[in-house]
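Please look through the sequence and the model shown here.

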Amino acid sequence: MIISSATFVKSSPTLKECPPASGPEFGFIGRSNVGKSSLINMLTGWSKLAKISGEPGKTRTINHFLINESWYLVDLPGYGYAKVPVSLREKWVNATREYILKRETLVCLFVLLDSRLRPQKSDIEFMEYLGLRQVPFARVFTKSDKLGIPDLEKSIRQYDKEMLIKWESLPATFITSVKDRTGRVEILDYIEESVNNLSKQI
Ligand code: GDP
């Protein structure tokens, strides 16, 4: 998919304040510092679309971007904020949860995982949460350039092993690096295919 236009639509603190559901949406979520803003900028090719956060956990609202006048990229508040008071943290978690469970136009949630880290409890639990509620999601292993191929494969194998304890099969998986644009074509093609399949169903 070629990105011909990417425009910021709205930042919404709650689901109610989100723009009217009018087209397929693809959400991006992960723990703070996983590389979400960098990935969104790489995918859209617009270098400051999602501001790269200096402070962990800076994305606190649900951010809608309209891509190619046809689908929405949705930047969701990260989870796992170390530096934020619990009361505020809960507010964002609730907004995100509502969005994930109730947004009827959400097609797929891309869950970002840092390739360098061993399976993180919060990530595993979050994906289990999605699975139990039948929220379609895909895994994205970020910052792959920071590892050699053997370590990258090992890291993914560890995640697979951990997940296959409870899962029968694994979700779609992507490997990305903003340094060499690894994974860009694959993710955009996946989105394009999903959008095309949806239009066939209508
Ligand atoms: P966010 O908090 O999830 O939005 O993460 P950011 O996009 O702000 O990235 C956090 C840090 O990781 C920044 O210093 C980025 O430059 C760095 N980073 C993000 N993606 C990559 C990547 O693919 N490769 C490398 N080497 N660094 C990355």
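Helices (H or I, at least four residues) and strands (E, at least two) are runs assigned by DSSP and numbered from the N terminus. Arginine 181, for example, sits in the loop between strand S7 (173-175) and helix H5 (184-201). Residue numbers start from 1 along each chain as its sequence is written, and side-chain values rest on heavy atoms, with hydrogens and water left out. The model is predicted: local features need pLDDT of at least 70 and side-chain atom pairs count only at pLDDT 80 or more, while totals for chains, interfaces and linings use all residues.

The protein chain contains five helices and seven strands. Their order along the sequence is β-β-α-β-β-α-β-α-β-α-β-α. A residue is called buried under 20% relative accessible area, exposed over 50% and partly exposed in between, with a 1.4 Å probe and protein chains only. By that rule, 48% of the 202 residues of the protein chain are buried.

Because six of the six residues of S2 are buried, S2 is largely enclosed by the rest of the structure. Glu25, Gly27 and Ile29 point one way from the strand, Phe26, Phe28 and Gly30 point the other way, and all are buried.

Which strands pair with S2? Two strands pair if DSSP finds at least two bridges between them. S2 is joined to strand S4 (residues 71-75) by four bridges, and the two run parallel. Within this pairing, glutamate 25 has tyrosine 72 of S4 as its bridge partner, and phenylalanine 28 has aspartate 75. S2 also pairs in the parallel sense with strand S5 (residues 106-114), over six bridges. There, glycine 30 stands opposite leucine 112.

S4 is mostly covered too, with five of its five residues buried. Trp71, Leu73 and Asp75 are on one side of S4, Tyr72 and Val74 are on the other, and all of them are buried. Strand S3 (residues 62-67) runs antiparallel to S4 and is joined to S4 by five bridges. In S4, aspartate 75 stands opposite asparagine 63. S3 and S4 form a hairpin with three residues between them, and in the turn asparagine 68 has a positive phi of about 50°.

Threonine 105 is found in the loop between helix H2 (86-102) and S5. Threonine 105 counts as buried because its relative accessibility is 17%. Along the sequence, threonine 105 and tyrosine 72 are 33 residues apart, and their C-alpha atoms are 9.5 Å apart in space.

Although asparagine 33 is not a glycine, its phi is positive, at about 75°. Asparagine 33 counts as exposed because its relative accessible area is 56%. Eight of the nine residues of H1 are buried, so H1 is largely enclosed by the rest of the structure. The buried residues of H1 include Lys36, Ser37, Leu39 and Ile40. Just after H1, glycine 45 takes a positive phi of about 75°.

Arginine 181 also has a positive phi, of about 60°, without being a glycine. Arginine 181 counts as partly exposed because its relative accessible area is 47%.

One polar backbone atom of valine 34 is 3.2 Å from an oxygen atom of the ligand, and a polar backbone atom of lysine 36 is 2.8 Å from a ligand oxygen atom. Aspartate 145 has a polar side-chain atom 2.7 Å from a nitrogen atom of the ligand. Taken alone, the ligand exposes 580 Å², of which the protein buries 80%; these accessible areas come from the Shrake-Rupley method with a 1.4 Å probe.

Conventions
A polar contact is a pair of N or O atoms within 3.5 Å; within protein, one must be able to donate a hydrogen and the other to accept it, and residues adjacent in sequence count only if both atoms are side-chain atoms.
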